[in-house]
Amino acid sequence: GKVKTVVQMVAIPFLLYHGTLFGVIDTGLWGQWLIWLSAVLTRFLRLAFRGNHPMFLVSGNEAGVGKGKVVDTACLISDGVSCEKTSRSQSSDVSDMEDGYVFTAMLANQSIQSVCIDNIREGCALASTTLEMLLTSPTATGRKVRTSEMIRARTDRIIWWATGCNLKTGG
């Protein structure tokens, strides 16, 4: 856990400075790599602690710059599988009920290790009580769509991701 913390603590000033250090070190590039390394280390260290679940946000200024590839690469290295992806509604007002249906359907697959809310539309805040519950509770219960069957899934081992342009959070 200490290595990951050091990586994060070095990455943050690098990203804030975002220039060239000593005429050699591109702090923006190194900051991005260090945050990515932190994300990969999170999977391995996740088994050592309990509590709220980590969520990584990968934001960019425009579409098509490889935000999803960053997520997939980190997941392939740490989990050996690509990340399960879902998208948000195109409206700026996503309901908790819609989130509940989407996440319950995904969590029905008990082998999910990483979930990515992909391509969040610019201006659409990443916020819902369903998502907050999934990030703070060790298990989640929901109803399968069009059935009365209830699904109970462990969420305490899932690494959460979100990608989009100029991401905003709320809640």
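Asn119 sits out in the open: its relative accessible area is 52%, so it counts as exposed. This residue belongs to strand 5, and its phi is near 55°, a positive value for something other than glycine. Keep in mind that this is a predicted model. Across the chain the pLDDT averages 77, and 84% of the residues score at least 70.

- You'll find Asn166 in the segment after strand 8.
- With a relative accessible area of 32%, Asn166 is partly exposed.

**Overall layout and confidence**

- The chain has five helices and eight strands.
- Going along the sequence, they come in the pattern α-β-β-α-β-α-β-α-β-α-β-β-β.
- Of the 171 residues in the chain, 40% count as buried.
- Confidence is lowest in helix 1 (residues 2-17), with a mean of 70.
- At the other end of the scale is strand 8 (residues 159-165), where confidence is highest, at 87.

**The nonpolar cores**

- In soluble globular proteins, nonpolar side chains tend to be buried together.
- Here the largest nonpolar core has 18 residues, and those with the most contacts inside it are Phe103, Val115, Ile117, Ile120, Leu131 and Trp160.
- Helix 4 (96-107), strand 5 (114-120), helix 5 (129-136) and strand 8 each bring at least two residues to this core.
- Another core, of twelve residues, lies apart from it; Trp36, Cys116, Ile159 and Trp161 are among its members.
- Ala162 is in strand 8, and a relative accessible area of 0% makes this residue buried.
- From Ala162 to Val115 it's 47 residues in sequence, but 8.3 Å in space, C-alpha to C-alpha.

**Cysteines**

- A search of the whole structure turns up zero disulfides.
- Cys116 is in none, and the nearest cysteine sulfur, on Cys83, is 5.0 Å away.
- Cys116 counts as buried because its relative accessibility is 0%.
- Cys165 has a relative accessibility of 16%, so this cysteine counts as buried too; the cut-off is under 20%.

**The salt bridge**

- Side chains of opposite charge can pair when their charged atoms come close.
- Searching the whole structure gives one salt bridge.
- The partners are Lys85 and Asp72, whose side chains meet at 3.0 Å, N to O.
- This pair ties together distant parts of the chain: Lys85 comes from strand 4 (residues 84-87) and Asp72 from helix 3 (residues 67-79), 13 residues apart.
- Lys85 has a relative accessible area of 32%, so this lysine is partly exposed.

**A nonpolar patch on the surface**

- Which residues form a nonpolar patch on the surface? They are Leu29, Trp30 and Trp33, and together they have about 360 Å² of accessible area.
- Trp33 is part of helix 2 (residues 27-46).

Notes
Residues are numbered from 1 along each chain as its sequence is written. This is a predicted model: local features need pLDDT of at least 70, side-chain atom pairs count only at pLDDT 80 or more; totals for chains, interfaces and linings use all residues. Side-chain values use heavy atoms; hydrogens and water are left out. pLDDT is the predictor's confidence in each residue, from 0 to 100. Helices (H or I, at least four residues) and strands (E, at least two) are DSSP runs, numbered from the N terminus. Patches are made of residues with over 30% relative accessible area and no salt bridge: like charges are joined within 9 Å, nonpolar side chains (Val, Leu, Ile, Met, Phe, Trp, Tyr) within 5 Å. Accessible areas come from the Shrake-Rupley method with a 1.4 Å probe; for residues, only the protein chains shown count as cover. A salt bridge is a side-chain nitrogen of Lys or Arg within 4 Å of a carboxyl oxygen of Asp or Glu. A disulfide is a pair of cysteine sulfur atoms within 2.5 Å. Buried means under 20% relative accessible area, exposed over 50%, partly exposed in between (1.4 Å probe, protein chains only). A nonpolar core is a set of buried Ala, Val, Leu, Ile, Met, Phe, Trp, Tyr and Cys residues joined through side-chain atoms within 4.5 Å.
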